[in-house]
Amino acid sequence: MSEKDLMFVRRAIELSLENVKRGGGPFGAVVTKNGKVISESCNQVTLTNDPTAHAEIGAIREAARKLNTFDLSGCSIYISCEPCPMCFGAIYWARIDKVFFAGTRFDAENIGFDDSFIYEEISRPIQERKIEFKQLLREEALEAFRAWEKSENKVEY
Ligand SMILES: [Zn+2]
């Protein structure tokens, strides 16, 4: 843990506090590369009516846009709180190297941001999930998969 790591986590915390003052959720995130800030974001769910607008998602999207790549290898993300399952997945999809977070998901749970049920749902068979999942038309969907396999202009990711 370097001085810079502490500074960036503090910045993420500062963003979370500023966001609460604006009426948003108490979460902030910063993406860096080579010790420099690439992007910053805070939770925008209620401010933009976007349920996916978590701080990490905003920061990842902006970093990818600025660096002009979907591959954020070499980047670190600093978060005011441990990521939810959606953001956890996004961090892996983005191939971010390192995650630094301040509050834990249990701290978030204590103030009403409970994502433990999502972790439980993921491991449940689809018939036992709270949201109804139905699988159908697999063969028809596989046409796109076959087309992808054969495609010569695909960009693998
Ligand atoms: Zn999240």
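A residue counts as buried under 20% relative accessible area, as exposed over 50%, and as partly exposed in between. The model shown in these views is predicted.

View 1. Phi of R95 is near 60°, a positive value in a residue that is not glycine. The relative accessibility of R95 is 34%, so R95 counts as partly exposed.

**View 2. N34 sits between two strands, also with a positive phi.** N34 belongs to the loop between β1 (28-33) and β2 (36-42). Its phi is near 50°, which is positive although N34 is not a glycine. N34 has a relative accessible area of 69%. Because the cut-off for exposed is over 50%, N34 is classed as exposed.

**View 3. The zinc ion has three protein donors, H54, C84 and C87.** The donor atoms are ND1 of H54, SG of C84 and SG of C87. These atoms lie 2.0 to 2.3 Å from the zinc ion. Along the chain, the donors follow the spacing H-x29-C-x2-C. H54 comes from the loop between α2 (45-48) and α3 (55-67), while C84 comes from the loop between β3 (75-81) and α4 (85-93), so this pair ties together parts that are 30 residues apart in sequence.

**View 4. C84 at the zinc ion is a buried donor.** The SG atom of C84 is one of the protein donors of the zinc ion. C84 has a relative accessible area of 11%. Since buried means under 20%, C84 is counted as buried.

**View 5. The whole chain, for orientation, holds 7 helices and 4 strands.** From the N terminus on, the order of the elements is α-β-β-α-α-β-α-β-α-α-α. Taken along the principal axes, the box filled by the C-alpha atoms is roughly 50 × 40 × 30 Å. Of the 157 residues in the chain, 32% are buried. Among contacts with a separation of 6 or more, 47% are between residues 24 or more positions apart.

Conventions
Residues numbered from 1 in each chain as written. Predicted model: local features only at pLDDT ≥ 70, side-chain atom pairs only at ≥ 80, totals over all residues. Heavy atoms only, no water. Donors = N, O, S within 2.8 Å, 3.2 Å for Na, K, Ca; no water. Buried < 20%, exposed > 50% of the residue type's maximum accessible area, 1.4 Å probe, protein only. Contact = heavy atoms within 4.5 Å.
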